[in-house]
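Please examine the following model with its sequence at hand. The explanation is meant to be read alongside the coordinates.

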Amino acid sequence: TFVVMEECIQCKHTDCVSVCPVDCFYEGPNFLVIDPDECIDCALCEPECPVDAIRSEDEVPSDQIEFVNLNAVLAKHPNWTQITQQKPALADHEKWTKVAGKLAQLDR
Ligand code: SF4
Ligand code: F3S
């Protein structure tokens, strides 16, 4: 499966969602995740993200390994909904792009 990592938090560019052939992206207030039960490992989304937030599960850096489980959990969150069409990034995305440790900012 592919995984959305920390770089997406507070940015949410959404270029990724429009290329997914199985529509397996789910959206929360300031982050997106991939449902590992639906992802077919096509890799189309990875190069679409302007902030490099998407990696194959086996290429997620060790300091972001918790995002593997976080994608699986949040994809089933009752308030998170499927997203299939691109929309504008979050207003403050430029300010947050280079900030590290954004997991504390994640809204569920
Ligand atoms: Fe969708 Fe393919 Fe990305 Fe999986 S790897 S989330 S199937 S675009
Ligand atoms: Fe997030 Fe990148 Fe998609 S910032 S919404 S993973 S294009």
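The paragraphs below treat confidence, the sheet, the core, the ligand surroundings and some individual residues.

The structure is a predicted model, in which local features require a pLDDT of at least 70 and side-chain atom pairs count only at pLDDT 80 or more, whereas totals for chains, interfaces and linings use all residues. Residues are numbered from 1 along each chain as its sequence is written, while chains are lettered from A and ligands numbered from 1 in the order in which they are written. The pLDDT, which is the predictor's confidence in each residue on a scale from 0 to 100, averages 97 over the protein chain, and 100% of the residues score at least 70. The scores for the model are ipTM 0.97 and pTM 0.98.

Helices (H or I, at least four residues) and strands (E, at least two) are taken as DSSP runs and numbered from the N terminus. Strands of a sheet pair through backbone hydrogen bonds, either parallel or antiparallel. Here, 3 strands form an open sheet in the order E3-E2-E5, with antiparallel pairing; two strands are said to pair if DSSP finds at least two bridges between them. The edges are E3 and strand E5 (81-82), each of which pairs on one side only. Between E2 and E3 the antiparallel pairing extends over 3 bridges, and Tyr-26 stands opposite Val-33 in E3.

A residue is buried if 20 or more other C-beta atoms lie within 10 Å of its own, exposed if 12 or fewer, and partly exposed in between, with C-beta atoms placed from the backbone. A nonpolar core is a set of buried Ala, Val, Leu, Ile, Met, Phe, Trp, Tyr and Cys residues joined through C-beta atoms within 7 Å. The largest such core has 27 residues, of which Val-4, Cys-8, Phe-25, Val-33 and Ile-34 touch the most other members. The elements that give two or more residues to this core are strand E1 (2-4), strand E2 (25-27), strand E3 (32-34) and helix H1 (66-74).

Contacts show how these parts meet; two residues are in contact if their C-beta atoms, placed from the backbone, lie within 7 Å. Apart from residues up to four places away in sequence, Val-33 touches Val-4, Tyr-26, Leu-70, Asn-71, Leu-74 and Ala-75. Leu-32, also found in strand E3, counts as buried because 25 C-beta neighbours lie inside 10 Å. With neighbours within four places in sequence left aside, the contacts of Leu-32 include Val-4, Cys-8, Phe-25 and Ile-83.

The two ligands have separate descriptions, in which a residue is near a molecule if its C-beta atom, placed from the backbone, lies within 6 Å of it. Around ligand 1 there are 14 residues, of which Phe-2, Cys-20, Cys-39, Cys-42 and Cys-45 come nearest. For the classes, Ala, Val, Leu, Ile, Met, Phe, Trp, Tyr, Cys and Pro count as nonpolar, Asp, Glu, Lys and Arg as charged, and the others, Gly among them, as polar. The shell of ligand 1 comprises 13 nonpolar, no polar and 1 charged residues.

Backbone geometry directs attention to the loop between E1 and E2. Most residues other than glycine have a negative phi, and most peptide bonds are trans. Thr-14, found in this loop, has a positive phi of about 70° although it is not a glycine. Thr-14 counts as buried because it has 21 C-beta neighbours inside 10 Å. Beyond residues up to four places away in sequence, Thr-14 touches Ile-83, Gln-86, Lys-87 and Ala-89. Asp-23 is found in the loop between E1 and E2 as well and has a positive phi of about 50°. With 14 C-beta neighbours inside 10 Å, however, Asp-23 counts as partly exposed.

Two further residues complete the account. Pro-47, in the loop between E3 and strand E4 (54-56), is exposed because 12 other C-beta atoms lie within 10 Å. Leu-103 lies in the segment after helix H2 (93-96) and is partly exposed, with 14 other C-beta atoms within 10 Å. Although 98 residues apart in sequence, Leu-103 and Met-5 are 9.3 Å apart in space, C-alpha to C-alpha.
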